[in-house]
Amino acid sequence: MGTHPDGPAKLRGSGTKLSNHIATSKSDRDLNRKWSQCDTLIKEDIHLPFIMKIMSIRTTLSLQVHPTKKQAARLHRLDPINYPDSNHKPELALALTRFELLCGFRPAKEIADNLRAFPEFRIVFGERNARRFEEMMERNVNESSEEAKNCLAIGFRAMMEAPAALIAKQLLSLRRRLQCGEIGCLSNDTVKVLLKMQDDFPGDNGCFSPLYLNHMILEPGECCYYAAEEMHAYLSGECVECVGCSNNTIRAALTNKHKDLEILCETLNYRMTDPEHYMIRPNKFPNDNNIDVYDPEDCPDFALHQIKVDNSIIKQQNYTLPALGCGSIVVIVKGQAKVNDYGTIKRGDIFYIPPNEKTHMTITGDGPFVAYRTFSYEEGPDHSDATALRDIRTTAGNINFAGKLNAACKQDTLKLTGKLNMPKDVNVFDLGMEMDGFC
Ligand SMILES: [Zn+2]
């Protein structure tokens with residue numbers, strides 16, 4: 001759900017692209033007009049800086065990492081086929097069901113434990129590299145030092161470059177060892193993941209990844225976030241995902257898609273840390289206990305609201321979704337409600353809510369009403385590659401466009417008073433895929 005050209009959301013009925021709607025609609029027009037006056041440019045498309053997804057993971061998703069903005073710009077210039085835009089792609093996943101993923105390198109001690117417990121891992125990592133890693137641990141070298149990161153990087157690269165026959169042989173041996181109950185310090189859950197990965201991707205060098213990456217199991221409502229340079233792979237379960245408006249993925253393994261070892265190795269930050277590092281704890285929205293706010297630090301690209309309205313005591317409860325000073329996308333995952341001037345909204349419906357609009361609703365379903373809302377005060381990336389825009393940027397001396405738009409948003413918030421009902425031009429999207437798969 002978003003405006004990225006590789007999969008743009010369209011308005012139900014008309015087929016108009018959301019990016020085009022934002023650029024021309026009544027509710028957003030003020031922002032767009034301010035933009036146009038400032039920069040003598042009328043835009044056909046205005047992009048949101050985020051993409052929101054509901055994901056249901058059946059097979060492990062590829063082992064991957066995303067570039068920083070600077071790297072993305074360079075990669076897009078060099079290889080626009082495999083790196084289709086110049087934006088970065090921070091990611092946040094909030095579990096709807098028990099949700100498993102691999103994220104970030106394990107703490108150095110755990111990697112060393114696994115090198116000791118699993119000779120197969122040691123062989124593909126390289127005996128000399130493994131010894132160097134252990135020797136470094138004995139000297140109590142800090143795992144966030146350059147020395148420690150280099151040591152990991154060399155072993156990781158050796159493993160990714162190991163001959164296919166060696167990988168296949170060692171995986172087979174590792175499988176037998178695990179099945180015999182020799183599991184070292186691993187949890188039973190991680191053993192299951194290791195075995196399933198081998199079923200799904202036999203002989204793939206990515207099948208060693210649970211031995212050196214954090215295996216995270218999120219319960220419903222738990223949330224994790226990681227920006228560029230962090231290796232990750234989704235394993236199973238359902239989640240709400242927010243990502244930057246980009247399609248740039250550097251894949252390492254567990255996929256038939258394009259892999260790029262050189263770029264991968266130069267992008268990884270080789271941070272070794274506890275999985276707690278990636279967890280995001282929610283805050284309550286001011287004056288509204290129904291809303292949990294997931295707002296990662298240093299991530300202007302998106303924030304997520306979890307909206308849960310209990311309908312068990314007071315039936316037909318009235319609820320007002322607060323106005324935000326920016327556009328947002330809402331997806332309803334449970335329950336139903338009646339919205340003034342619009343009608344019934346229910347599980348599976350997706351809305352774009354323009355800036356500064358409150359949504360008055362009456363919860364009509366039996367159970368709770370649950371929805372997720374993603375928003376950002378940033379300007380979305382430009383996907384047009386328009387020469388005109390580049391020229392203007394250059395002559396204007398790299399004016400900070402995002403700053404201007406932000407200022408415009410804030411002015412609007414201050415200026416607008418009075419009641420704004422959910423208007424008739426509320427936008428409902430057609431759902432492109434089956435929403436079921438979680439309860
Ligand atoms: Zn990713």
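**Entry 1: His66.** I began with His66 in this predicted model and found it buried, because its relative accessibility is 0% and buried means under 20%. I located His66 in the loop between β2 and α3. Leaving out residues up to four places away in sequence, I listed what His66 touches: Lys89, Glu91, Ala228, Glu229, His232, Asn248, Thr249 and Thr267.

**Entry 2: Glu91.** I next looked up Glu91, which lies in strand β3 and is buried at a relative accessible area of 2%. Its contacts beyond four places in sequence include Gln64, His66, Cys224, Tyr225, His232 and Phe302. I noted that the side chains of Glu91 and His66 make a polar contact of 2.9 Å.

**Entry 3: The zinc ion.** I then asked which protein atoms are donors of the zinc ion. I wrote the spacing of the donor residues as Q-x1-H-x24-E-x140-H. His66 sits in the loop between β2 (63-65) and α3 (69-78) and Glu91 in β3 (residues 91-95), so this pair ties together parts 25 residues apart in sequence.

**Entry 4: The record.** I checked UniProt, where an unreviewed entry lists Gln64, His66, Glu91 and His232 under "binding site". These residues span 169 residues in sequence, yet no two of their C-alpha atoms are more than 11.9 Å apart, so they gather at one spot.

**Entry 5: Strand β5.** Lastly I examined β5 (residues 213-218), which is largely enclosed by the rest of the structure because 5 of its 6 residues are buried. I saw that β5 pairs with β4 (residues 99-105) in the antiparallel sense over 5 bridges, and that Met216 in β5 is the bridge partner of Leu101.

Methods. Residues numbered from 1 in each chain as written. Predicted model: local features only at pLDDT ≥ 70, side-chain atom pairs only at ≥ 80, totals over all residues. Heavy atoms only, no water. Donors = N, O, S within 2.8 Å, 3.2 Å for Na, K, Ca; no water. Helix = DSSP H or I, 4+ residues; strand = E, 2+ residues; numbered from the N terminus. Buried < 20%, exposed > 50% of the residue type's maximum accessible area, 1.4 Å probe, protein only. Pairing = 2+ DSSP bridges. UniProt positions renumbered as here; feature names shortened; annotations may be inferred. Contact = heavy atoms within 4.5 Å. Polar contact = N/O pair within 3.5 Å; in protein donor to acceptor, adjacent residues only side chain to side chain.
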